[in-house]
Amino acid sequence: MRATRGQADGLDLGLDLGTGSVKAALFEGSRLVRVASAPYAVTAPHPGWAESAPGAWWAATVQATREVLGDHGPEVRAVGLSGQMHGVVLSDGRGHPLRPAILWADARTTPQLAVYRALPAPIRTALRNPLTTGMAGPTLLWLREQEGDTYRAARWALQPKDWLRLHLTGEARAEPSDASGTLLYDLEGEDWNRALLDRLGLRPGLLAPLLPSRAVAGTLKREPAQQLGLSPGLPVAAGGADTAAALLGTGLPTGQGQLTVGTGAQLVLRQDTLPEAQPGLHVLRDTRDRGWYTLAAVQNAGVALEWARRVLRCGWEEFYALARQAPPGAGGLLFLPYLTGDRTPHLDPNARGGWIGAGLEHDAPHLARAAFEGVALSIAEAAALLPSAVQPAWRLAGGGSVQPWWRQLLADVLARPLELLDVPSASAFGAALLAGAAATGRPPDLPDWRSTEVVEPAGEGVPAGTRDRFSAAYQALRPWFAQRRSTPPAV
């Protein structure tokens with residue numbers, strides 16, 4: 001059953017700026033009134049790059065918001081934001097982008113990680129996060145080295161949703177849940193890591209002042225309000241990173257794990273005390289005033305399945321149907337899903353994906369089945385790194401987990417019950433909760449969702465030995481991945 005809350009004093013608009021699309025969701029309390037989305041492109045000017053045009057984000061936001069509002073615009077009392085993490089938007093003081101945004105999936109900064117590895121051990125340990133490409137710190141080092149004129153001309157280096165808020169309000173602000181995923185944040189001191197910035201030689205003034213996630217970060221300017229169909233002067237909450245906003249939206253209790261399947265997959269454990277660093281895992285702030293979570297970040301989930309589906313030239317329903325025609329184990333065929341590299345567990349930006357072990361006996365159903373099994377096995381390898389104290393049942397969320405057969409395969413491969421929640425648009429709902437908190441000045445009402453179904457493991461999901469062969473395939477190819485690495489040319 002769905003949690004209920006008291007009658008709201010207005011409608012709250014949550015804007016979730018994802019990697020390939022923006023979602024606008026209108027809520028009255030916990031009731032979803034309407035939701036709409038609009039896509040935009042992710043481009044790769046060079047192999048391993050991932051960029052997006054902030055102007056396209058804004059055009060899509062206008063489209064989705066106007067569609068979702070209908071005649072409800074005057075009833076909206078506040079706006080909240082969530083968004084993809086780790087990226088960088090360089091802008092001038094008025095928020096005009098100076099170049100395309102560099103996204104979380106970008107792998108160009110492998111050489112810059114050496115600068116981080118050379119830092120004194122206490123500074124590295126205090127980061128409590130693995131050193132990975134795609135995060136804002138290494139990206140800023142690359143921009144300073146390769147695009148020095150643009151770097152020097154920039155007034156702000158913002159996370160994607162913080163750039164969107166600047167466009168809405170004219171105020172540059174940041175908040176802890178996104179800042180903690182930049183490799184520039186002090187998790188103990190709850191602020192930008194000034195000592196680290198000094199060591200790296202990065203300009204501290206590029207980073208926007210920090211506010212609590214539920215604070216009012218500005219009010220809606222007249223021109224964007226008119227484009228969106230909203231009233232000017234509405235409070236806009238600081239908001240949160242997409243995963244942190246989803247944790248708020250689902251009301252995940254401390255000690256229970258949550259798996260969210262989307263473009264990537266996130267395995268999350270919420271904690272009330274600051275966790276110590278653990279190999280391969282991220283430690284990040286949530287949207288509470290004092291709260292954290294441990295994250296296993298699987299870089300390729302929906303993005304790998306979407307690629308395999310396009311290669312097989314079929315729609316999603318046909319893709320699922322093909323996979324179900326093949327036997328478990330896909331006739332010995334393996335699929336490595338690391339199309340954009342890998343974060344948890346391998347921390348290997350050079351890894352690549354594809355089918356391995358194909359023979360004349362394999363056909364489209366085997367290829368489809370192997371793709372789903374490969375993503376599930378990758379998630380299981382990441383899950384194995386989480387603390388063993390996690391409760392047996394995990395929550396399952398995300399738009400990439402709606403198909404019952406796929407849910408069952410995940411439960412079987414993870415060997416865990418998966419609790420399904422009827423949470424509409426979890427990240428956008430979390431953003432809307434923060435909007436309501438900004439409007440009222442009170443902490444958000446934490447939802448108490450009830451599971452609508454529990455998917456129990458029904459077997460191994462894959463034959464015995466498939467897991468070992470999957471892990472062995474990556475290890476065997478790892479030297480080749482390293483050899484094929486090439487640094488994109490300077491521009």
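This is a predicted model: local features need pLDDT of at least 70, side-chain atom pairs count only at pLDDT 80 or more; totals for chains, interfaces and linings use all residues.

Student: Then let us apply that. Is Ala330 buried or exposed?
Tutor: Ala330 has a relative accessible area of 0%, so it is buried. It lies in the loop between helix H12 (316–325) and E18. Although Ala330 is not a glycine, its phi is positive, at about 55°.

Student: And Arg128, what is its phi near?
Tutor: The phi of Arg128 is near 55°, a positive value in a residue other than glycine. Arg128 sits in the loop between helix H3 (121–127) and helix H4 (136–146). With a relative accessible area of 7%, Arg128 is buried.

Student: What about Ala464, buried or exposed?
Tutor: Ala464 is exposed, its relative accessible area being 69%. The residue is found in the loop between strand E22 (451–455) and helix H16 (466–483). Its C-alpha atom is separated by 53 Å from that of Ala172, and the two residues are 292 apart along the chain.

Student: Which residues does Leu184 touch, leaving aside its neighbours within four places in sequence?
Tutor: Among them are Tyr116, Ala136, Gly137, Leu140, Trp192 and Asn193. The contacts of Leu184 also include Leu196, Leu197, Leu200, Leu202 and Leu207.

Student: Which strands pair with E1?
Tutor: E1 pairs with strand E5 (residues 76–83) in the parallel sense, over seven bridges. Within that pairing, Leu15 stands opposite Leu81 in E5. E1 is also joined by six bridges to strand E2 (residues 21–28), and these two run antiparallel. There, Gly14 stands opposite Ala25 in E2. E1 and E2 form a hairpin with three residues between them.

Student: Changing topic: in what order do the strands of the seven-stranded open sheet come?
Tutor: The order is E16-E17-E15-E14-E20-E21-E22, and the pairing is mixed. Strand E16 (282–285) and E22 stand at the edges with a single partner strand each, so one side of each has no neighbour in the sheet. On average, neighbouring strands of this sheet are turned by 30° against each other, direction ignored.

Student: How many bridges join E20 to E21?
Tutor: Three bridges join strand E20 (residues 394–397) to strand E21 (residues 418–421), and the two run parallel. The bridge partner of Leu396 in E21 is Leu420. Helix H14 (residues 404–414) packs on the sheet, where it touches strand E14 (257–261), E20, E21 and E22. The direction of H14 makes about 145° with that of E21.

Student: On to helix packing. At what angle do H11 and H13 pack?
Tutor: Helix H11 (residues 302–312) and helix H13 (residues 364–383) pack at about 175°, and their axes are 10 Å apart. That makes H11 roughly antiparallel to H13. On the H11 side, Ala304, Leu305, Ala308 and Leu312 meet Ala364, Leu367, Ala368, Ala371, Phe372 and Val375 in H13. By class, this contact has ten nonpolar, no polar and no charged residues.

Student: Why is H10 largely enclosed by the rest of the structure?
Tutor: Eight of the nine residues of helix H10 (residues 242–250) are buried, so the helix is largely enclosed. The buried ones include Thr243, Leu247, Leu248 and Thr250. H10 is followed by Gly251, whose phi is positive, near 65°.

Student: Last one: which peptide bond is cis?
Tutor: The bond from Thr344 to Pro345 is cis, with omega near 10°. Pro345 is in the loop between strand E18 (334–336) and strand E19 (354–356).

How values were computed:
Residues are numbered from 1 along each chain as its sequence is written. Side-chain values use heavy atoms; hydrogens and water are left out. Contact means heavy atoms within 4.5 Å. Axes are lines fitted to C-alpha atoms, for helices over the stretch in contact, and angles run from 0 to 180 degrees between N-to-C directions. Helices (H or I, at least four residues) and strands (E, at least two) are DSSP runs, numbered from the N terminus. Angles under 35 degrees count as roughly parallel, over 145 as roughly antiparallel, 65 to 115 as roughly perpendicular and the rest as oblique. Ala, Val, Leu, Ile, Met, Phe, Trp, Tyr, Cys and Pro count as nonpolar, Asp, Glu, Lys and Arg as charged, and the others, Gly among them, as polar. Buried means under 20% relative accessible area, exposed over 50%, partly exposed in between (1.4 Å probe, protein chains only). Two strands pair if DSSP finds at least two bridges between them.
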